[in-house]
Amino acid sequence: MSITLTQAAAQQVSTHLATRGQGMGLRITVKNSGCSGYAYQLDYATEINNIDKVFESHGVKVVVQQDYLELLQDMELDYVEDGLSSAFHFNNPNVTEQCGCGESFTVK
């Protein structure tokens with residue numbers, strides 16, 4: 001079980017954390033949303049609770065509440081710049097369907 005960041009994603013998160021001046025890593029959560037069922041949420045991890053699992057990837061801590069581990073197991077977070085746009089991309093092997101707009105997903 002792991003959740004990893006690509007080098008590009010880790011660099012982007014590190015830059016944001018340094019600019020913000022606080023936070024110990026990236027927190028990934030999942031909420032019920034959209035037409036497919038779930039949506040990812042990214043936030044700064046300001047604390048680590050006893051219900052959290054911490055992964056480290058390219059020097060960046062990734063914090064995930066244990067309730068979400070089954071949905072995010074073996075996921076890789078990437079950061080892609082394409083011309084004038086840039087975004088995080090979730091490479092989640094557990095996803096079976098995504099809505100047309102890409103905002104929500106269904107898992108196995």
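**First stop: the strands**

Select residues 4-5 and 76-82: these are strands β1 and β6, which pair in the parallel sense over 2 bridges. Pairing here takes at least two DSSP bridges between two strands. This is a predicted model, so to speak: local features need pLDDT of at least 70, side-chain atom pairs count only at pLDDT 80 or more, and totals for chains, interfaces and linings use all residues. Residues are numbered from 1 along each chain as its sequence is written, and side-chain values use heavy atoms, with hydrogens and water left out.

Now pick leucine 5; its bridge partner in β6 is leucine 77. Click valine 80 and you'll find alanine 87 as its bridge partner in β7. Then go to the turn: the β6-β7 hairpin has 2 residues between the strands, and glycine 83 takes a positive phi near 65 degrees.

**Zooming out**

Show the whole chain as a cartoon: it has 2 helices and 9 strands, in the order β-α-β-β-β-β-α-β-β-β-β. Both are DSSP runs numbered from the N terminus (helices H or I, at least four residues; strands E, at least two). The C-alpha atoms fill a box of roughly 40 × 35 × 20 Å along the principal axes.

Finally, colour by burial: buried residues make up 36% of the 108 residues, where buried means under 20% relative accessible area with a 1.4 Å probe, protein chains only.

Key: Buried < 20%, exposed > 50% of the residue type's maximum accessible area, 1.4 Å probe, protein only.
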